[in-house]
Amino acid sequence: MRLDVILRITAKLILPMMLLFAVYVQFHGDYGPGGGFQAGVIAGATVILYALIYGLGATMVVVPVAVVEALIPLGVLVYAATGVMGLLTGGNFLDYSHLADDEVHGQEWGVFVVELGVFVTVASTMVAIFYAVAGRGRR
Amino acid sequence: MKELVGNLAAHFNQWITVFLMVSGLYIVIARGNMIKKLIGLSLFQTSVYLLYISPGKILGGTAPILEDGVSVYANPLPHVLILTAIVVGVATLALGLALVVRINEAYGTIEEDEIFERDTRG
Amino acid sequence: MMLLSMLAVTTVGVVRARNLFAVAVLSGVYSFLMASVLIVLDAVDVAMTEATVGAGISMVLVLGVLHLTKTDEARPVHRALLPLFVATVTAAILVWAVSALPPFGIADAPIHVAGPDYLARSLAETGIANVVTSVLASYRGFDTLGETVVIFTAGIAVLMLLKRTPSGRGGESS
Amino acid sequence: MREHLPALQVLVPLFGALLCALVRRPRAAWLIAAVVSWIVPVIAVMLLAQVLGTGVVSYHLGGWDPSIGIEYRVDALNGLILVLVSGMAAVIAPFARRSVAAEVETGRVAWFYTMYLLALTGLLGIAITGDAFNAFVFLEISSLSSYALIALGSHRRALVAAYQYLVLGTIGATFYVIGVGLIYVMTGTLNLGLMAERIGAVQSTRPVLAALAFITVGISLKLALFPLHVWLPNAYAYAPSTATVFMAATATKVAIYLLVRFLFSVFGVGFVIADLPVTPILTVFSVAAIFAAATVAVFQSDAKRMFAYSSVAQVGYITLGVALATATSLKGGLIHIVGHALAKGGLFMALGAVTMRSRAFDIDDLCGIGRRMPLTMAAVVVAGLSLIGVPGTIGFVSKWYLVVAAFERGWWWLAFLIVASSLITVVYIGRFVEAAWFREPSAAAMGATEAPVSMLVPIWLLAVATVFLGLDARLPAGIAEQAASALGLR
């Protein structure tokens, strides 16, 4: 049990750091290595680590299954909808140039939102697969 | 012989790439264990990364993140392609492993020979 | 070169080992070595992804599934002549082809000369310094949309196969 | 909106798949799938009309020039494929509702339609794209969703079939990526059009030759060219009926399109056919497929497996049309793509209806089923006649062009083989029809009743189409001719 206490307290310290790192990787993708996919993997891993330490039940309260499963298509939807915005603002599909007043800003916005969509799908897929495998158990 | 050695040095990374690829492919075809096959498959896919990335490198260049004072960068396009390939690879692996779990439940084994045996018997 | 040789050695280990845990761990080692090679080749984004995916997700997935199945590989009952033949032929064609590729690391290889000049355009057109990001999300954004759809497909497919549904059977086959 | 049709062609099914995954209700999911399946052929027909009217349609995704971005490019060849794939989807939609409800458990129906729409997205994406790597991404979307669809079959062998397809399909896709990578390193582009322009300068270098080999083998795995077909019979036999119909009618066809695109557009007819022994090699494998697979089909006891082996044989006719590489032969191959999609789609649909009503798969258990389900089984006869190539059906038209193409080359033995192979088709179709119509009903057949209207209409639509296009093949022949001449075939 003592080990368990150490584990729980260490986890309390590490998990927020991991999430913070995920956020850093997400937003720093414009200037250094990283982006939605890598950040999504880290965020997903954070939830999985939480589940390993605090148990599946506790995790499913914080991150409910239904939410996770809805987020998988929502991430793709955010990406594709950004593309359609390009189409509606007078460009081609996935043309971000007209999303803001000038083209460069439009591109920056487009890339930002699109990476967010990738993040959502990647993180939620990882967690959903983990839930499904964990719910299966050994037979 | 000298030519061969010269070629080996110039293309060392590509020769290794070929070795990795073929080893992965060999595991996939030769082995009967379904998990081992999948690992071989991802080895095979991973080795392709080098085929794309190493021609993109320029000696004396740096990573394609623009900075003042640097003029030679590696070609960014192969990197993007391989990022996509990595994702495809892990997606395939996940689906394959899910199938293995279900096969193990349905047959009680993940060895191909035993599965075929059980199917023909019953 | 050291790294590449280590990669080759690890691969031999993966081929030979029969304990699947060992194979899983070795493939994790392989991924880390691959990531190091990729850094040497200036592909930092790819290296980061390979490390998180190969040594992270893949290994967790394999270990998780091994937990549900058994962990030792059976000895093969038949001889592996055909696979050896296929592998040898593939290797021969690849070596034959690859040894005629342009030499490593030169700047006037066709891939650079004929290739599109993302490096010159990225900052001016998208304001993004990491050219990999701008190519990924904008110039070839449609590939990345496809990539996200691949993740979505795999995610739903795994759920469909493994999740127990309320209606009971949990996908057992009769 | 008209200029955005190429993007919408792929986006409509994609959004449909996302909605299905969000809604999760079986009936709503079917409705979404049906609406999507009826919109996509409209888009495809409009695109094809545009191509035939004003020439090639090009669409720059993200507004970037094809040299740096991704281009969608529609000409007569892939316009035809788009119409075929989306048209088959439209016919399958009404059939799917009852069949899926009967074969897939309720909790997974919405996911089934998600996967189905993703497979459709993937196939349309491969067909429409003008970018070699983008084709790989969409190939994987369609492949992954196909593996999942097959695994939903009710027998445990469906899982093994899906696994085997996954392994071989991934090897095929990786071979394709290796090939594309080698060309990319030599030409510096991924755009198919630019590749075609630049490949001339490096066409006889070793990497490009190896790329040709890798791409051909890789795609051949996906299109199930004998002897790389081993995944197909089990996959078709154990997948849910709707999935079998969809894959048999579309998936291998799109792979064949990709092969044609690479051989004739990218590498170029002059190089591939004149300088390399592609014609003899591909001819040998095609003829082997036609005879070996048809012979195996004769000895199958499971009806679905029998028609699955028949598919391997029919793919042989199409690749034969590609191998001979003349305008006439490609016309034969393309018409055979259409004809086989219609006939085999109809046959597998009829089998799906039979499965739903009788729960039997073996031909011996289906004896006398014709008396209980006369309308379904009459359609089987019509579609079977087209598969054999009886005059008056589209199957005859395509084989006619193939025979003519063989004579043009002076290969009279090949013409003889094509005609002779039809006799094997007569044997296995005849065996099934004889059992269904002329034998005393078995226990399973006695319990069956005629298929519901929602299944009969699509089945008969396809059966009638094989006859209609058999009597008047001007439309597909005209499009195929334009496609062949655009590829530089004479």
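## Where chain C meets chain B

Across the interface of chain C and chain B, 9 residue pairs, both at pLDDT 80 or more, are in polar contact. A polar contact is a pair of N or O atoms within 3.5 Å; within protein, one must be able to donate a hydrogen and the other to accept it, and residues adjacent in sequence count only if both atoms are side-chain atoms. The elements of chain C that give two or more residues to this side are α1 (2–16), α2 (20–40), α3 (44–68), α4, α5, α6, α7 and α8. With 13 residues, α3(C) provides the largest share. The residues on this side of chain C divide into 61 nonpolar, 15 polar and 12 charged. Here Ala, Val, Leu, Ile, Met, Phe, Trp, Tyr, Cys and Pro count as nonpolar, Asp, Glu, Lys and Arg as charged, and the others, Gly among them, as polar.

This is a predicted model, in which local features need pLDDT of at least 70 and side-chain atom pairs count only at pLDDT 80 or more, while totals for chains, interfaces and linings use all residues. Residues are numbered from 1 along each chain as its sequence is written, chains are lettered from A and ligands numbered from 1 in the order in which they are written, and side-chain values use heavy atoms, with hydrogens and water left out.

How many residues of each chain take part? In chain C, 88 residues are in contact with 76 residues of chain B, where contact means heavy atoms within 4.5 Å. The two chains bury about 7,500 Å² between them, and carbon and sulfur atoms carry 77% of it. Buried area is the accessible area (1.4 Å probe) that two parts lose on being put together, summed over both. The interface also holds 1 salt bridge, a term for a side-chain nitrogen of Lys or Arg within 4 Å of a carboxyl oxygen of Asp or Glu. Lys57(B) and Asp42(C) form a salt bridge through their side chains, at 3.1 Å from N to O.

## A look at chain B

Chain B has 5 helices and 0 strands, and its pattern along the sequence reads α-α-α-α-α. Helices (H or I, at least four residues) and strands (E, at least two) are DSSP runs, numbered from the N terminus.

Of the 122 residues in chain B, 72% are buried. Buried means under 20% relative accessible area, exposed over 50%, and partly exposed in between (1.4 Å probe, protein chains only). When contacts in chain B between residues at least 6 apart in sequence are taken, 45% of them join residues at least 24 apart.

## Where chain C meets chain D

Now for another partner of chain C. This contact takes 42 residues from chain C and 51 residues from chain D. Between them, chain C and chain D bury about 4,100 Å², with 72% given by carbon and sulfur atoms. Arg140(C), Phe142(C) and Met160(C) supply 18% of the area that chain C buries against chain D, more than any other three residues.

Which side chains form a salt bridge here? Asp131(D) and Arg140(C) do, at 2.7 Å from N to O. The largest share, 14 residues, comes from α8(C).

## Some residues of chain D

Thr121(D) sits in helix α4 (residues 106–128) of chain D and is buried, at a relative accessible area of 1%. Its side chain reaches the backbone oxygen of Leu117(D) at 2.7 Å. Beyond its neighbours within four places in sequence, Thr121(D) is in contact with Val10(D), Pro13(D), Leu14(D) and Phe138(D).

Most residues other than glycine have a negative phi, and most peptide bonds are trans. Arg24(D) has a positive phi, near 70°; this residue lies in the loop between α1 (5–23) and α2 (26–54) of chain D and is partly exposed, with a relative accessible area of 33%. Ala224(D) has a positive phi too, near 60°, and is buried at 0% relative accessibility. The loop between α8 and α9 of chain D holds Ala224(D). Pro227(D) is placed in the loop between α8 (206–223) and α9 (232–238), and the peptide bond from Phe226(D) to Pro227(D) is cis, with omega near 0°.
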